[in-house]
Amino acid sequence: METLYKHQIEFISYLQRLLQEGDFSSTYKFAFLHALADISIERDIPNDGKLQISLDEIVEKLILLYWQHAKPFFPEHEQQLSGGILLQNAGKQAKIIADIIELQNNGAKNLNQAKSSPFWPKIYQNTMRTLKDGPLWRLQILSKQEECYFFPHVKNRQYIELNTGIADCFRQFHDLVVKFSRQGWIEKVSKIQENQQVIGRAGELQDFLFGTTRNSLTSAASLLRDIQKGDCFYCKKPIKGTGEVDHFIPFTKYNNDLGHNFVLAHKSCNNNKRDYLAAPKHRDNWQEQNLVINETIITRELIKYFTCDAQQSKHVADWAYKIAETNGSKYWLAARDVFV
């Protein structure tokens, strides 16, 4: 146990030094850190504690993280600042943003549609080149030029392998890593002089760069209503009206839309659950409904709009509940703030 705590302290200390001493001339390194944290909770960790991550997986995660950033911050500023798109580094726009804009202008509304676009090979190759030339081998260049702490720097590989215990630390401190990465990312974007003419309050910028819209979830509502036979997932009573699509694992804990993570609920149940984890009995029902009985139909119907990987959704849920158990967190059971 003492060795575990020592390793965790070393991880946090290194992360802090990285963010303070590292050279972050653009936002790519923040995105790379964010990607490593996300992938670490989406995968099983081998018994030896090392996690191998393909560069293909990292490239897709980077494109996903930048997807929202390629849209106008405010529509009324479309005549300014390259169509209202915020710059990711001083001067010329980041290549990944220009590529995503091209995909979006040609009809791609999400990553899955982008991967079917004839423009995908180009953005994939450009992003891979950027990854290799920039954050992959320069992420941890600190003042003393010490050995990389997260993973060995072995060039000409199509994967990285996180050192023993690093993936576990990314899992344990996922919220912290994501928070620090996003704070640094926001500060970098907000300090670029060309962006300051359109940026308002910091909260607006964070919601824009890393939030989600309820409109994007409507594509799942009809399917969930059929699966749940018109009943609320939580209270099992009939839903009058449209109901609300809820992230079963709250979006504040895992900031990606997974097709198998959605359930349909009463507005009152959804609002009352808020950002809490649902009680274990709800988790059992969710796994049975979305990952077993309806795994295939959810994938077939929602793959056009969201990432649909039942195993990935299960890994994220396992991670979230393990962290909650370790921290002694309460679980939301029912409306009117009933917890267990």
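Two strands are said to pair if DSSP finds at least two bridges between them, and strands themselves are DSSP runs (E, at least two residues), just as helices are runs of H or I with at least four residues, numbered from the N terminus. The model is predicted, so that local features need pLDDT of at least 70 and side-chain atom pairs count only at pLDDT 80 or more, while totals for chains, interfaces and linings use all residues. Residues are numbered from 1 along each chain as its sequence is written, and side-chain values use heavy atoms, with hydrogens and water left out.

Strand S1 (residues 51–54) pairs with S2 in the antiparallel sense over 4 bridges, and in this pairing Ser-54 stands opposite Tyr-159. Tyr-159 lies, together with Glu-161, on the uncovered face of strand S2 (residues 159–162), whereas Ile-160 and Leu-162 form its covered face.

Ile-160 also belongs to the largest nonpolar core, which has 65 residues, and it is listed with Phe-150, Phe-151 and Phe-170 as having the most contacts inside it. Such a core is a set of buried Ala, Val, Leu, Ile, Met, Phe, Trp, Tyr and Cys residues joined through side-chain atoms within 4.5 Å, where buried means under 20% relative accessible area (1.4 Å probe, protein chains only). Helix H2 (residues 28–42) gives the largest share of this core, 9 residues. Apart from it lies another core of 40 residues, including Val-263 and Ile-298.

The axes of H2 and helix H3 (residues 55–66) come within 9 Å and cross at roughly 115°, the axes being lines fitted to C-alpha atoms over the stretch in contact, with angles running from 0 to 180 degrees between N-to-C directions.

Methods
Buried means under 20% relative accessible area, exposed over 50%, partly exposed in between (1.4 Å probe, protein chains only).
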